Amino acid sequence: MLRIEGLVKDFGGLRALAGLDFEVPERSILGVLGMNGSGKTTMLNCINGIYIASSGSIRLEGTELIGLKPAQVFEHGVGRTFQVPRVFPRMTLWDNLAVPLLSRSLNRAERDEIRITWLKKVQLYDLRHNYAEELSGGQQKLLELARIMVARPKLVLLDEPFAGVNPTLSRLLIDVIREMPEDTGCSVILVSHDLTSIYELSHDIIVMHEGRILARGDAATVQANPDVIEAYLGA
């Protein structure tokens, strides 16, 4: 689904990404771990066009994404959530989910069915006529995820989806994310400091450190890697 080769991002004299190489298969969840400043969010920003990479390649099903604007990347099938949710606060939940559907050739009944499905999936259907600003932070993250998924993306980038979310809503988020690859056919890149959710959800995990990939493998492999232990806990 996604192939990244030699991805470099420089900010003046600071090299934030130092040559990343990895792939994300179809219908899979890639977990991304790393300390603050390791380059996780910078990587997501390069994938969805917020930043233009200094060099390297980002290919989604063979299409080069580097140089495209975020809206163009979205049209190619990449959805994105943020650590601080970016909903339309003075629009209802129902209307929030209408926005990504504007560019799709659907009739009103089809649009309504998609919105109902996802609002029920994230347990917000009963609040559909409320303004988004009336939701809690965790509920806004659920709404933001639903707003992405109505567009049927090929790749979903999740930036700290569990940060500041209470345990009940975190459990709901985990359940929704787990089902996404199988139910919708999308792939997911999940960036999180929540080790439990990363280990539970990810088919594969990479650990980033100072703009590089320090380790890659399943949960057991990553946990036992001496470089990971040293980076997190000290020598």
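This report describes a sheet, a helix and a few residues in a predicted model.

## Basis of the model

Because the model is predicted, local features need pLDDT of at least 70 and side-chain atom pairs count only at pLDDT 80 or more, while totals for chains, interfaces and linings use all residues. Residues are numbered from 1 along each chain as its sequence is written, and side-chain values use heavy atoms, with hydrogens and water left out.

## The sheet

Strands of a sheet pair through backbone hydrogen bonds, either parallel or antiparallel.

Strand 1 (residues 2-11) and strand 4 (residues 55-60) are joined by 5 bridges in the antiparallel sense, and Glu5 stands opposite Ser57 in strand 4.

## Asn45 in helix 1

Asn45 belongs to helix 1 (residues 40-47), and with a relative accessibility of 8% Asn45 is buried, a term that means under 20% relative accessible area, with exposed meaning over 50% and partly exposed in between (1.4 Å probe, protein chains only). Leaving aside neighbours within four places in sequence, Asn45 is in contact (heavy atoms within 4.5 Å) with Ile50, Tyr51 and Arg80.

## Cysteines

The structure holds 0 disulfides, a disulfide being a pair of cysteine sulfur atoms within 2.5 Å. Cys46 is buried at 3% relative accessible area, and Cys186 is buried at 0%.

Technical notes
Helix = DSSP H or I, 4+ residues; strand = E, 2+ residues; numbered from the N terminus. Pairing = 2+ DSSP bridges.
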